[in-house]
Amino acid sequence: MADLEIKNLHVSMEGKEILKGVNLEINKGEIHALMGPNGSGKTTLSFVIMGHPSYKIEKGNIFFRGKDITEMKADERARLGLFLSFQYPHEVSGVTMANFLRTAVNARNNSKVNVLEFKKLLDEKMEMLSMDKGFAFRYLNEGFSGGEKKKAEILQLAVLNPEIAILDESDSGTDVDSLKIISEGINKIKKESDIGILLITHYNRILQYVKPDKVHILIDGRIVKSGDASLAHEIEEKGYKVLKSAA
Amino acid sequence: MELINENELNNETLNVLYSDEPNWLKEHRTNSLSMFKELQMPEFKYGLSIILNPRDFNLDINEFISSLKQPIDIEIKNKEKIEVISFKENYGKVKEYLNRLVKYNENKFTSFHNAFFNNGLFIRIPENTEVNLPLIINKKINQKYSFEYVVIVAEPFSKIKIIENASSELKEIFRSKIVEVFIDQSAKITYMDIQDFNDKAYSFNIKKADVKRDSEIKWIDCVFGSHLTKAETISELNAEGANVQNFGVFFGNSNEQFDIFTSAIHNAPRTFSNMLIKGVLDNKSKAVYQGLIHITKDAPFSNGYQKEDTLLLSENAEVDPIPKLLIDNNNVRCTHGATIGEIDKEKLFYLMSRGLSEKQAKEEFVKGFFNPVVDQIKEEKIQDNLKKIIEEKLRL
Ligand SMILES: Nc1ncnc2c1ncn2[C@@H]1O[C@H](COP(=O)(O)OP(=O)(O)O)[C@@H](O)[C@H]1O
Ligand SMILES: [Mg+2]
């Protein structure tokens, strides 16, 4: 059984069916790209995998290392080793990055990290992402630019060290320099910890830097085609239209 | 409904308690007592929805007398460079200040207070004295009744931070406090007031400052406990360049009822006021917050800002924010606003996706919410202490 397994997932929101039978398997060490037009259900899938309480699962299951986590709360999933980098990270006023991340690391590991050790870890990861040290003392995402928010998500990924990470459009809203730094960061984390990644992208920009093992195309709540990296190039050239007829 | 059963209180009570005081003070107490009997109990009714319910506070005369005879337990730290005395040590010194800002006949509680106050503290910061370590006043109120009077005189160019911590091990207490602050030119005073009583306590608290030329009062009011708190913080900006920074937090998590009023009265040109009050209400706690900035016709080129934010953590918690601006002068700049919010579910999911339990995530929000006020406290130890009170209350 794969580390993360999604089986025949049907999801609705306010009576509207968004995901219409999604199947997906991701193992540690693999990079899967998930592409699809706006509104096809990419973010919905990422939220449901992470345990967002507002979506209704009509049918199907999510397994993490053989364990059915379909009903599990988000925090429990995080502690098992799932991570989601948000397409639109939220601003949380008054909570500094450093304090928040320390609380999160403690929750993730169910132990208390030594303050100095944590500071070292945070400094190291911030340096990897070319982030100014001052970020640690800023309030979570408050007043961050688009690129800074996405970098901060990858910083959280680096510090929390999950098993499987879903990265929802880490490339959107960033300038070219940030995109490079983010991509390099992802590659490095992947290399160091051998995590599995579901890389959601709308523009494919990030696929120049982060090479997927597999590519899946999501259209109207269904994965209509899966293939290797060449599928992404095909989409880039011809657009989603050719596949829509298949949907 | 009667909050205090007042029939048993009379001049004889005063005699028993205060016979050895100077005549002017005895007379002041007698006048205050008759005013107390005359005045009506205010109604704790606000707007359409909120009625605060003072339970009957059954006054037992013997208990009243015995608790007033026994002064509260006060610990004072870092008073080396300033004068800190109890009223008893020098009534003469106190006389010219007493009742100048908060009058005995303002309302039933001020008259009650003036008739019976039994703890008086006089603090004088001499001219040109800048005190770096904050003056710490720790009060343990372990008697059922306590009436505390604090007079602070800041002479020109003086500077100090005063931090008063009040707590009680008794459940049912009646605590009244009046603070009068006189700030002479170019002096800077910070007064931080922390109240963390049990949920059956009554707390009546009035603080008023007379702020002179180029001087500043910074209030940091922290209201954490009680069955009913009525707290007023008033700053009179009486000379050019006077400035008030009025910060406050309140936090109820059971049945607390808070009636909070902050006001800045601009009586002179180029005066400045800034108010920021942050409240969190959980379970059945309630609050009425009234903020007033009054810019009189004598106060051109003045600025006034006020903001009140409340975070409601339960469906049964209630708040009624009433921000007010009264402007009698055109050459001024003022803004005001109030927000009432709940914890955003999407943000909660965001924090939980990082491994924080729902409770932990909520705690982070509340701490973050209070932070703009908590950050005003620069002394690490005092800030930590405040954070600890908040965290302990969050765990309940
Ligand atoms: N919270 C929501 N409320 C109502 N509709 C939603 C909500 N979230 C997503 N949808 C709908 O679900 C569909 C898929 O959205 P989404 O998952 O965000 O797509 P993508 O990430 O691929 O752009 C869209 O039609 C969108 O309008
Ligand atoms: Mg999306």
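## Ground rules

Domain bounds here come from an automatic or database domain assignment. This is a predicted model, where local features need pLDDT of at least 70 and side-chain atom pairs count only at pLDDT 80 or more, while totals for chains, interfaces and linings use all residues. Residues are numbered from 1 along each chain as its sequence is written, chains are lettered from A and ligands numbered from 1 in the order in which they are written, and side-chain values use heavy atoms, with hydrogens and water left out.

## The largest pocket

The largest pocket comes in at about 1,300 Å³. (A pocket is an open set of points on a 1 Å grid over the protein atoms alone where a 1.4 Å probe fits, with protein on both sides within 12 Å along at least five of seven lines; lining residues have an atom within 4 Å of a point. Points are joined across faces, edges and corners, and the volume is the space filled by probe spheres set on them.) It has 41 lining residues, with A:Asn99, A:Arg102, A:Thr103, B:Lys367 and B:Glu391 closest to the centre.

Helices H3 (97-109) and H4 (115-128) of chain A and H7 (358-374) and H8 (380-395) of chain B each put in at least two lining residues; helices are DSSP runs of H or I, at least four residues, numbered from the N terminus. The lining splits into 12 nonpolar, 12 polar and 17 charged residues. (Asp, Glu, Lys and Arg count as charged; Ala, Val, Leu, Ile, Met, Phe, Trp, Tyr, Cys and Pro as nonpolar; the others, Gly among them, as polar.)

## The second largest pocket

Here there's about 660 Å³ of space. Of its 24 lining residues, A:Pro53, B:Lys345, B:Leu348, B:Glu358 and B:Lys362 sit nearest the centre. H6(B) gives the largest share of the lining, 4 residues.

So where does the second largest pocket lie? It lies between domain 1 (3-342) and domain 2 (348-396) of chain B, because both give residues to its lining.
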